Amino acid sequence: MADAVTLDGVIAWVTASAERIEEQKAYLTRLDSDIGDADHGINMSRGFKAALEKLATSPPTDISGALGGVGMTMVAKVGGASGPLYGTMFIEMGKAAAGKETLSAGDWAAVLGAGVAGIQRRGKAEAGDKTMVDALLPALDALGRAVGNGSSLEEALADSAEAARQGMEATIPLVARKGRASYLGERSAGHQDPGATSTHLLLRAAADAWSDN
């Protein structure tokens, strides 16, 4: 694969993410029914469908516009906490990508980092709170290590997706401290966080969309 992501690559990632979310919609909703409002899969599906429609009807001219457009659509179309949080992530990623015609592994680490920072500012979540942040922070750390070690973009993305998977699974024993799940207290333990799960799906989609394999 190329060592940089183009605008077409970003659109391919959003498309792949939409497909993964649609495939796992019922699963995400089932996870959310255990500790939330039972609408995460439905909301994420609606948001990504709307994002694809936006990309098709108003094609972006650069990476920043593509990411920002997805973010604005998510904010407008997705209910619950998912819309504001994922919307903020994509909007902040778009800002960080301003002026970039392509994204190297280092660029992607900076862009993703801006998105994660946006989510944390908006949701006030930290590691261990049993949220999407528990998948995002390990993914970002793994990405940074891979970039620092001189890994290829493909290798860095694979490491990031694997770290997100591990972070997702690590939410199972946690007691939720944020969001709807926190109302359950100790009863939230033993359930995988739906937001961390959708985060893993998105980062796995990026690794697959930007890979030769």
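Let us start with Ala 38, which sits in the loop between α2 and α3; helices here are DSSP runs of H or I with at least four residues, strands are runs of E with at least two, and both are numbered from the N terminus. What we are looking at is a predicted model, in which local features need pLDDT of at least 70 and side-chain atom pairs count only at pLDDT 80 or more, while totals for chains, interfaces and linings use all residues. Residues are numbered from 1 along each chain as its sequence is written, and side-chain values use heavy atoms, with hydrogens and water left out.

Ala 38 has a phi near 60°, a positive value in a residue other than glycine. Its relative accessible area is 30%, so Ala 38 is partly exposed; with a 1.4 Å probe and protein chains only, buried means under 20%, exposed over 50%, and partly exposed in between. A second residue with a positive phi, about 60°, is Lys 124, also not a glycine. Lys 124 is placed in the loop between α6 and α7 (133–148). At 54% relative accessibility, Lys 124 is classed as exposed.

I turn now to the salt bridges. How many salt bridges does a search of the whole structure find? The search returns ten, each defined as a side-chain nitrogen of Lys or Arg within 4 Å of a carboxyl oxygen of Asp or Glu.

One of them joins Lys 49 to Glu 22, with 3.8 Å between the closest N and O atoms. Lys 49 belongs to helix α3 (residues 40–57) and Glu 22 to helix α1 (residues 7–23), so this pair ties together parts that are 27 residues apart in sequence. Both partners are partly exposed: Lys 49 has a relative accessible area of 43%, and Glu 22 has 31%.

Another salt bridge is formed by the side chains of Glu 92 and Arg 121, at 3.5 Å from N to O. Here Glu 92 lies in helix α5 (residues 82–96) and Arg 121 in helix α6 (residues 105–123), so parts that are 29 residues apart in sequence are tied together. Is Glu 92 buried or exposed? Its relative accessible area is 17%, and Glu 92 is therefore buried.

Glu 169 is partly exposed at 38% relative accessibility, and Arg 165 is partly exposed at 27%. Finally, a network of salt bridges links Arg 20, Arg 204 and Asp 208.

My last topic is the largest pocket, whose volume is about 510 Å³. Of the 27 residues that line this pocket, the closest to its centre are Ala 81, Leu 85, Gly 179, Arg 180 and Asp 193. On a 1 Å grid over the protein atoms alone, a pocket is an open set of points with protein on both sides within 12 Å along at least five of seven lines, and lining residues have an atom within 4 Å of a point.

Which helix gives the most to the lining of the largest pocket? That helix is α5, with three residues. At least two lining residues come from each of α2 (25–35), α3, α5, α6 and α9 (194–209). By type, the lining divides into ten nonpolar, ten polar and seven charged residues.

Terms used:
1 Å grid on protein atoms, 1.4 Å probe; cavity = no way out; pocket = protein on both sides within 12 Å on 5 of 7 lines; lining within 4 Å. Points joined across faces, edges and corners; volume = space filled by probe spheres on them. Nonpolar A, V, L, I, M, F, W, Y, C, P; charged D, E, K, R; others polar.
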